[in-house]
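Please look at the sequence and the model before reading on.

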Amino acid sequence: MDVTDFVMGISGDAGEGVILTGDLITQVAARSNLHISSTQTFPAEIRGGQSYVQIRLGIDSIFNPGDRLDVLVAFNRLAYHRYKPTIASDGILIIDGDPETIDMASTFGDWRGGPIYVIPMGEIAAKDVGVKRAKNMVGLGAVTALLGFAPEHGEELVHRFFAKRGEALVEPNVAGYRAGREYVAKKVTKRDHLTIPKVSGEGYLVLSGNDAIALGALYAGCRFFSGYPITPASEIMQLLAEELPRVGGTMYQAEDEIASIAAAQGASYAGVRAMTATSGPGLSLMSELLGLSGIAEIPMVVVDVQRGGPSTGLPTKTEQSDLLSAMYGGHGEFPRVVMAPISIRDCFQVMRSAFEVAEIYQVPVIVLSEQGLGHRRATLPKALLKQTPIEKVTRPQRSWGPTYNRFEITESGISPRAMPGDPGGTHLITGLEHWDFGGPAHNLENRTEMVQKRFRKLRNLDRRYGGVFAFKGEDATQHLHATTDEEAGRLSAAAESFRGQIGVIGWGATAGVVREAVARAEKRGIDTAAIFPRMIFPHNDLTIRPFIQGHQKIIVVEENFTGQYARVLMHYYDFEPERLNKYDGLPFKPEEVLRKIEEVASHV
Amino acid sequence: MSNAPEAAPTKDDAAAAAPSQPCGRGRDLNQYKGRLKPIWCTGCGIFGVLNALMRSLCELDIDPENLAVVSGIGCSSRLPGFVKCYGYHGAHGRALPTAIGVKLGNPRLTVIAAGGDGDGLSIGIGHFPHAARRNLDLTYILIDNRIYGLTKGQTSPTTVEGYETKTSPTGVIEPPLNPVELAIVYGATFVARGYSAKVKDLQNLIMEAIRHKGFSFVQVISPCVTFGKGSGFDYFGPRIKPMPEDHDAGDRHAALHLVSDTDTLLAGIFYRQDRPEYVARLQARGGARGRELDASDPKIDTESLITRFS
Ligand SMILES: Cc1ncc(C[n+]2csc(CCOP(=O)(O)OP(=O)(O)O)c2C)c(N)n1
Ligand code: SF4
């Protein structure tokens, strides 16, 4: 029997190559035209502890890595004990061990799942291949063979991965992979129903949220990145360190986050689309200079891949606890925009909006991702990267007259921007309050006018950037980012028209899970809908107000303790939402959201 | 038209109003006057720095529109407003990383960073070694008055031991930093010291610094006449001495030896070195085209990205 949607967990010691095995399985699946969603947890310490990868595979697009395991791959006993409680009733176990000598009854007495396959991965690696460390490749071979994946994709991918690390590594690892497959072919009798379906197609891309943000920036015309390494955001700078120089751009590793944002502002001022990416601690350090972008009107994109806070917090875990600091952090008042991508695809797409808004409105734009999204992987159609990138990445020189004023007071609040090198455009920008020509000013009327001018930019922010993602019905159809005003109006109007029992509101990465919970609730007869604003700040009242009014109960789902977005909503509307909060560092599971929906539904 | 009531002159007015001061190759010093008039206290040393800088720019024939002057916060950091240029008066201590961003954003610009001793050696000192060792082609003018001027007279990292300030009422108890020594040790490839009362000498140093291909550092001793009691021009005048004629600026040890004498303040070029410049090295690897990128430049290789991620 072919299975159209199943979840696999892989666990082992941090040194056993679990993450790599998981990565390769996702790539094999993507080449086999299956969709995946995967997530990983690894110990915060560099060595020691258990690593874990969870991969959900299926025929249709998948929006979260699932909850119950249909397959558990354990590289050791400890891994088995840790993850056996999450197994589905007929789930299978693939575990390292000696099938000849193992005492099945005593070892797996507490197993609640289906068939167990004991495969001597370590022994095959040590004896047949002669390289102990190739154990994970033996595992990869065994698992892909058991599930019915064709052999060639895996072999090619193993080859490609190790070739980059050194030719000498290729041979033993490919041998390990083959040995694992061979062992299954010769010695294992399949006793389960899990076989992957045969699907035709050109295969999919596999991207993490961080990959998608980096590529999204590249396609959006970003040609300058500066940053300081920090978990879980570093992959963005690492990818751009490779890709930016290929297109004439620059990746600059600064000495700290203050230098990062300062350099990005300098480059942006000079006329290049510029960004930085960081996590909570870095955002805190950047807050003074965010205000400089606000008052001196320097376009700026800052990505915050949130992690558990405060202070050093939980560096390798996820949280949505920087919302208020993104919206209000820093001293003084200045216009800014906060966007939160809801999926890996949206990580790519949000960057185009972020750069457009930053450049047109000359404001700082903060993009809130999180560890659970940055390190999650998903399959996406190849068409995503076939779309035409923004090509005109810099503005040609322009001449300005002798009466040019950089901060001219205009109806839209947007002033003409000369850039260094432009004839006749010389001017001063400053973080002091200033006259329209840039000179420092203490004048009261000017101050009042300037503050209003800057905030007018938000009032005139194009509605198309304020689209929402809305989910309703058994398939929880999604509304994607609108590209025109009308489309945004239509999408928001659809969400506005939602009426029903339970309305779920969330932001960012929880969308994938909420979407599934909504679909499951609907199947159980609970009238449910959900919306996720893509642009959180400025607030999208036009869509959110009718949504709140149109539902008997609203649940605000957030990965934080204090309910930051719930508080924002309570500030705009006189109501008391139900809250579902989680702050243990792990993303929500669909079951958890579903339970809350059911609980609230039983009281209305 | 500007919204500034007290007739903020337009750029042309500013130049037209002043008597002509020919300089450089048929230029006029007034071409380098910014739209603002300096607000420094009468007699402040920074006037000398501004004067020397404008003359250097004029002599070197640098177009104001291809010039960026970046600063932090402080009396000295007000400088960009008084020079006709693309001026960037940013955040306290952040002149260097900002200037680096500007240079990378448009490598064709002449980029000058300027600021005080508090700005550059206290809050911003974390950026100094990195700017120096990277060796981007920009000039950093540290205007050293040994005090916090803008905030009205607190101890700075270059205030000397025993000196009384508002925050060290019984005298400073820690030794000061030595900016020239630091610059050499950090890897700056051009290191000089000037004095704001000797404008002509200072101009020569600044011109050399701007001509230098790499990170050039000029410490300018520049008295604060309002809060630097006892360390004004009278104090510095006799202590400033010309660089010994036989000093070999290519000799790092000799330079470090000379700068270790803190009683006499030698003015001149301490050290210079030829070392590959940062932006040029990035460009040799294909990057750092900055604003010169246009439609004819390298396109994203979408096919290779697709292969990489599948
Ligand atoms: C983050 C921050 N902290 C403190 C200040 C206040 N502040 C402004 S200028 C300055 C020091 C000025 O001294 P210096 O840099 O030596 O310049 P000077 O005024 O002497 O030229 C300080 C502490 C500030 N603007 N920003
Ligand atoms: S306070 Fe000192 S440094 Fe500042 S302008 Fe006056 S004299 Fe110059």
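Of the 17 residues around ligand 1, the nearest are Cys75(B), Ser76(B), Gly118(B), Asp119(B) and Gly149(B); a residue is near a molecule if one of its heavy atoms lies within 4 Å of it. The model is predicted, and local features need pLDDT of at least 70, side-chain atom pairs count only at pLDDT 80 or more, while totals for chains, interfaces and linings use all residues. Residues are numbered from 1 along each chain as its sequence is written, chains are lettered from A and ligands numbered from 1 in the order in which they are written, and side-chain values use heavy atoms, with hydrogens and water left out.

**Ligand 1**

Chains A and B both supply residues around ligand 1, so the site is shared between chains. Helix H4 (residues 117-123) of chain B gives the largest share of the shell, 4 residues; a helix here is a DSSP run of H or I with at least four residues, numbered from the N terminus.

| Residue | Polar atom of the residue | Distance to an oxygen atom of ligand 1 |
|---|---|---|
| Asp119(B) | backbone | 2.7 Å |
| Asn145(B) | side chain | 2.9 Å |
| Gly149(B) | backbone | 2.9 Å |

On its own, ligand 1 has 590 Å² of accessible area (Shrake-Rupley method, 1.4 Å probe), and the protein covers 77% of that area.

By class, the shell around ligand 1 has 6 nonpolar, 8 polar and 3 charged residues. Ala, Val, Leu, Ile, Met, Phe, Trp, Tyr, Cys and Pro count as nonpolar, Asp, Glu, Lys and Arg as charged, and the others, Gly among them, as polar.

**Ligand 2**

Which residues are around ligand 2? They are Trp40(B), Cys41(B), Cys44(B), Cys75(B), Asn145(B), Cys224(B), Val225(B), Thr226(B) and Phe227(B). This shell divides into 7 nonpolar and 2 polar residues, with no charged ones.

**Cavities**

A search of the whole structure finds 6 cavities of 30 Å³ or more. A cavity is a set of points, on a 1 Å grid over the protein atoms alone, where a 1.4 Å probe fits but cannot get out, and its lining residues have an atom within 4 Å of a point. The volume of the largest cavity is about 140 Å³, where a volume is the space filled by probe spheres set on the points. It is lined by 17 residues, and the closest to its centre are His427(A), Leu428(A), Gly34(B), Arg35(B) and Gly81(B).

Methods
Polar contact = N/O pair within 3.5 Å; in protein donor to acceptor, adjacent residues only side chain to side chain. Helix = DSSP H or I, 4+ residues; strand = E, 2+ residues; numbered from the N terminus. 1 Å grid on protein atoms, 1.4 Å probe; cavity = no way out; pocket = protein on both sides within 12 Å on 5 of 7 lines; lining within 4 Å.
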